[in-house]
Amino acid sequence: MPKPAEIRLLAKSALESKANLNNVAVLLELCQPTSSMDTLQTVMQALQHVFSKLLETGRVFTTNKQLEKSKSRTDKVAAWLTVNYQRFISFVISMLTHKDVAIQISAFDVLLDAVRSESSFLTKRNGTFKFPIQLYSRVTDVLLDSERVEEELLDHLVDTLNRYADLRAYYFKNVGGFLNGPSENSAKAKLLKGKSAQAIQRQRFNAVECMKRIQFQASNDVDLVEFLCPDVRIGKSAAASADILDELDLSADEDVPAQSSDRRPLVAQLQFHRKAFSNCWMAIFKLPNMPLPMYKQILAIVHKRIIPYMTNPTLLMDFLTDSYRLGGVISLLALNGLFTLINKHNLDYPNFYHDLYALLKTDILYVKYRSRFFRMLDLFLSSTHIPAYLVAAFIKRLSRLALYGPPAAAIAIIPMIYNLLRRHPMCIALIHADASSGAQHIDPYDEFTQNPANCKAIESSLWEIQVLKNHYLPAVAELASIFEEPLTKPEFDLEDFLDQTYVSLIEEELGAEEGTKAPLHFKLEEKRWASLSAFGLGFSGVRHGEANKRRVHVSEEEDMETDEESTDEEGDSDEDEDQDEDGGDSDRSMETDS
C-alpha cells in the first residue's frame with residue numbers, strides 16, 4: 001500500500017504530463033473501503049485535486065450528452081477521464097456511510113470541493129452562473145437517507161449550511177421537493193417506490209432535524225455574505241419573465257435566470273432564499289402522522305425562526321389554528337406563533353379568547369412550559385379594551401387553579417390576578433363581594449363551562465383568595481394578604497414569580513435566617529443536620545427518626561455527671577489560669593531586669 005507522500009506524487013505527475021494520466025486509474029484502484037484511514041483521506045483529496053484541475057482546462061465532461069458526442073482522440077481521452085470522474089464521485093458518496101466518522105467528514109468536504117469545481121466549470125462554459133444541482137442532490141439524499149450517518153457528520157452539515165448561503169438555499173429546495181413528493185416519472189419517484197415506509201419516515205425525520213438547526217436570519221441581500229461557489233458574485237444571468245420566481249423548477253446543472261430588473265443570479269437574491277425556505281417548511285407542515293416530539297419542537301421555534309423569514313406567513317394560519325384547537329401542550333406551544341400572526345399579519349380569530357380560556361386547566365400548571373404560558377397569558381390580557389366579563393372569567397378560573405395547583409403556580413397566579421384587577425377596575429367588585437352570607441351560599445361561577453361568557457364569573461367572588469391566606473406555605477399566604485389593603489401599589493413584575501419551583505422554594509425556606517432560639521427542655525447535638533448537597537434536597541446522614549432518637553432528655557444521672565465534669569473542668573481551668581498568671585509575672589520580671 002503506497003504511503004501518503006507517494007499518493008500525492010502520483011497525483012502531481014498526472015497533472016504534469018498527459019502521458020501520466022494513467023496515474024488516475026492507479027489512484028482509483030486505491031479507493032477501497034477496506035483501506036486505512038490515512039490512505040482513504042489522502043487518495044480522495046489527491047484525486048479531487050486532479051479532477052478539479054482537469055475541469056478547469058475542460059478535459060472532463062460533466063454530462064452524458066457531451067460524453068456521447070465525443071469522437072476525436074482528445075474527446076475519447078476526455079470521455080475516459082469523465083468515466084473515471086464519475087466512478088470517483090460515486091465512491092466518495094458511498095464513503096458518507098463509512099463506519100469511521102472521520103472518513104465521512106473527509107468525504108463530505110471532498111464532495112463540497114467537487115461542487116465548487118463543477119460550478120466554476122459550468123459557469124465558465126455557459127457565461128452565466130450555474131450550480132451543479134444533480135451532484136449536490138445526490139450528496140444531501142445520502143446524508144438524509146442513511147442509517148449509518150454519524151451525528152458528528154450531521155453537525156458538520158448544519159455548520160456548513162449555516163455558513164454558505166448557496167448551499168443552504170439549494171438544500172431548502174432539495175428537501176422541499178422531496179417532502180412534497182417527486183413527479184411520477186422522475187428517478188427519485190422510482191427510488192421511493194422501492195423503499196419501505198420506515199425508510200421514508202427516517203429520511204423525513206433527518207430532513208426536519210437539520211431544518212430545525214439551520215440558522216436562516218437574512219433580512220436583505222447584504223446578509224447573504226458567504227457563498228461556496230465564488231462565481232455567484234460575478235456571474236450574470238440572462239433576462240427572463242417576471243413570474244419565473246413563482247415556479248422555481250430548477251433542472252440539473254442549471255440555474256434559473258433572474259428577472260429583467262435584476263441580472264444577478266437568483267442564488268444571490270434574498271427572494272430566492274425565502275421562497276425556497278417557505279416551500280420547504282410548508283412541505284414539513286403538511287407531513288402526515290408527524291411524531292409528537294417533532295411537532296412540539298417545530299411549534300416551539302415557529303414564531304422566531306420560521307414566520308419572520310417566510311414570503312407569506314399567513315399560509316400558516318390553518319396549521320397554527322388547528323394546533324391551537326388540539327388542547328394541552330400543543331395548544332400552549334402554538335400560542336406564540338398564533339399571536340405573531342394576529343399581531344403582525346392581521347389574522348382574524350374571533351374565538352381566540354374562548355379557546356384560551358379552555359386551556360386553563362390543572363394540567364397546564366404541571367408542564368415545563370408553564371412560565372412561558374403565563375407570560376403569553378399576561379400579554380393577551382394586557383389590553384384595557386377587553387370586556388369586564390371576560391377578564392372576570394380569567395381571574396376566577398386562575399384563582400380556582402391556584403387552589404388545585406402546586407405552590408409555585410399559586411405564587412405566579414396571585415400577582416397576575418392583582419395586576420388584572422389593577423388594569424380593570426370594574427372587576428374589583430370580585431374581592432368586595434360577600435361570599436359568606438349564610439350556610440346555604442352557592443358560588444354562581446360554573447367552572448365546567450368552556451365559554452367564558454356563560455360562566456357567571458362577574459357575579460361571583462374571589463373567596464379562593466381568602467382560602468389562600470391559610471396556605472401551608474408562608475410565601476403564598478403572605479402574597480394572598482395583599483388584597484386586604486387598597487389596590488394602590490404598582491403592578492407586580494411577573495418575571496420575579498414565574499420561574500419558581502419546588503427546589504427554589506425549599507432552598508429559599510431553608511436559607512432563611514433563623515429567629516431567636518427558643519429554650520428547650522432537651523439537649524440537641526451541635527451538628528443537627530447535614531448539608532443538602534449530598535442527596536439533592538434530602539437531609540443526608542441524619543434521618544428524621546434518627547434525629548428524634550438523639551434528642552435525649554436530661555436525667556438526674558446525667559445532671560450529676562454533668563456537674564462532676566464541670567467541676568473537673570473548672571479545677572483544670574483554675575490551675576491553667578494560675579500558671580498563666582505566674583508565667584505572666586515572671587515574664588514581666590524578666591523584662592524589668594533587662
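Reply: What follows is a conversation about the helices and aromatic rings of this predicted model.

Me: What does the secondary structure come to?
Reply: The protein has 26 helices and zero strands.

Me: And how much of the protein counts as buried?
Reply: Of its 594 residues, 44% count as buried. As for contacts between residues at least 6 apart in sequence, 71% of them join residues at least 24 apart.

Me: How many aromatic pairs does a search of the whole structure find?
Reply: The search finds 25 aromatic pairs. One of them is formed by Phe172 and Phe277, whose ring centres are 5.4 Å apart and whose planes lie at 70°, so the pair is edge-to-face. The cut-off behind that name is an angle of over 60 degrees between the planes.

Me: Which helices hold Phe172 and Phe277?
Reply: Phe172 is in helix α9 (residues 165-180) and Phe277 is in helix α13 (residues 270-285), so the pair ties together parts that are 105 residues apart in sequence.

Me: Phe172 first: buried or exposed?
Reply: Phe172 counts as buried, at 0% relative accessibility. Phe277 is buried as well, with a relative accessible area of 3%.

Me: What about Phe339 and Phe380, how is that pair arranged?
Reply: Phe339 and Phe380 form a tilted aromatic pair, with 5.1 Å from centre to centre and 50° between the planes. Phe339 belongs to helix α16 (residues 328-344) and Phe380 to helix α18 (residues 370-380), so this pair ties together parts that are 41 residues apart in sequence. Phe339 is partly exposed, with a relative accessible area of 22%, whereas Phe380 counts as buried at 4% relative accessibility.

Me: Which residues form one aromatic cluster?
Reply: The cluster is formed by Phe172, Phe216, Phe277, Trp281, Phe285, Tyr295, Tyr309 and Phe319.

Me: Over which ring does the charged end of Arg397 sit?
Reply: The charged end of Arg397 sits over the ring of Tyr357, 4.2 Å from the ring centre.

Me: Changing topic: where does helix α14 bend?
Reply: Helix α14, which covers residues 292-306, bends by about 35° at Ala300. Its buried residues are Met294, Tyr295, Ile298, Leu299, Ile301, Val302, His303 and Ile306.

Me: What covers the buried residues of α14?
Reply: The cover includes α11 (197-213), α13, α15 (317-325), α16 and α18.

Me: And which residues of α15 are buried?
Reply: In α15 the buried residues are Phe319, Leu320, Thr321, Ser323 and Tyr324. What covers them includes α13, α14, α16 and α17 (352-359). Just after α15, Gly327 takes a positive phi of about 85°.

Me: What is Lys212 in contact with?
Reply: Leaving aside neighbours within four places in sequence, Lys212 is in contact with Trp281, Gln297, Ile298, Ile301 and Arg305.

Me: Last topic: at what angle do α1 and α3 pack?
Reply: Helix α1 (residues 4-16) and helix α3 (residues 37-56) pack at about 10°, and their axes are 9 Å apart. That angle makes α1 roughly parallel to α3.

Me: Which residues meet there?
Reply: From α1, Pro4, Ile7, Arg8, Ala11 and Leu15 take part; they meet Thr39, Thr42, Val43, Ala46, His49, Val50, Lys53 and Leu54 in α3.

Note on methods:
Residues are numbered from 1 along each chain as its sequence is written. This is a predicted model: local features need pLDDT of at least 70, side-chain atom pairs count only at pLDDT 80 or more; totals for chains, interfaces and linings use all residues. Side-chain values use heavy atoms; hydrogens and water are left out. Rings of Phe, Tyr and Trp (its six-membered ring) pair if their centres lie within 6.5 Å; planes under 30 degrees apart count as stacked, over 60 as edge-to-face and the rest as tilted. Helices (H or I, at least four residues) and strands (E, at least two) are DSSP runs, numbered from the N terminus. Buried means under 20% relative accessible area, exposed over 50%, partly exposed in between (1.4 Å probe, protein chains only). A charge sits over a ring if NZ of Lys or CZ of Arg is within 6 Å of the ring centre and within 35 degrees of the ring normal. The bend at a residue is the angle between axes fitted to the seven residues ending there and the seven starting there. Contact means heavy atoms within 4.5 Å. Axes are lines fitted to C-alpha atoms, for helices over the stretch in contact, and angles run from 0 to 180 degrees between N-to-C directions. Angles under 35 degrees count as roughly parallel, over 145 as roughly antiparallel, 65 to 115 as roughly perpendicular and the rest as oblique.
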